Amino acid sequence: MISLTRLNGKAIILNAILIELIEETPDTMITLTTGKKITVLEKAEVVVGLVRTYMQEIGSVRATIMSRDAEGS
């Protein structure tokens, strides 16, 4: 989960695994795999950094790399 801020200043906790797309329009809009869209104050590069850190913390990145190595990709 990552902490973000809605445009109205309200803090939210978002399940980073559900993020499908991040756009700057110029506000940062996050589209989830459910189709829901959330606009946040943080810039896209900040959100990407938070997602990367979260994925590393839960071992998702390492598991993906190990899986690819095992498959010979």
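Colleague: Which residues of the largest nonpolar core touch the most other members?

Modeller: This is a predicted model, in which local features need pLDDT of at least 70 and side-chain atom pairs count only at pLDDT 80 or more, while totals for chains, interfaces and linings use all residues. Residues are numbered from 1 along each chain as its sequence is written, and side-chain values use heavy atoms, with hydrogens and water left out. A nonpolar core here is a set of buried (under 20% relative accessible area, 1.4 Å probe, protein chains only) Ala, Val, Leu, Ile, Met, Phe, Trp, Tyr and Cys residues joined through side-chain atoms within 4.5 Å. The largest has 14 residues, and those touching the most other members are I2, L4, L14, I19, I30 and V47.

Colleague: Which element gives the most to this core?

Modeller: Helices (H or I, at least four residues) and strands (E, at least two) are DSSP runs, numbered from the N terminus. At least two core residues come from each of β1, β2, β4, β5 and α1 (44–58). The most, 4 residues, are given by α1.

Colleague: What is the bridge partner of T5 in β2?

Modeller: Strands pair if DSSP finds at least two bridges between them, and β1 (residues 2–5) pairs with β2 in the antiparallel sense over 4 bridges. Within β2, the partner of T5 is A11.

Colleague: Which residue in the turn between β4 and β5 has a positive phi?

Modeller: Strand β4 (residues 28–32) runs antiparallel to β5, joined by 4 bridges, with T31 opposite K37. Their hairpin leaves 4 residues between the strands, and the one with a positive phi, of about 95°, is G35.

Notes:
Buried means under 20% relative accessible area, exposed over 50%, partly exposed in between (1.4 Å probe, protein chains only).
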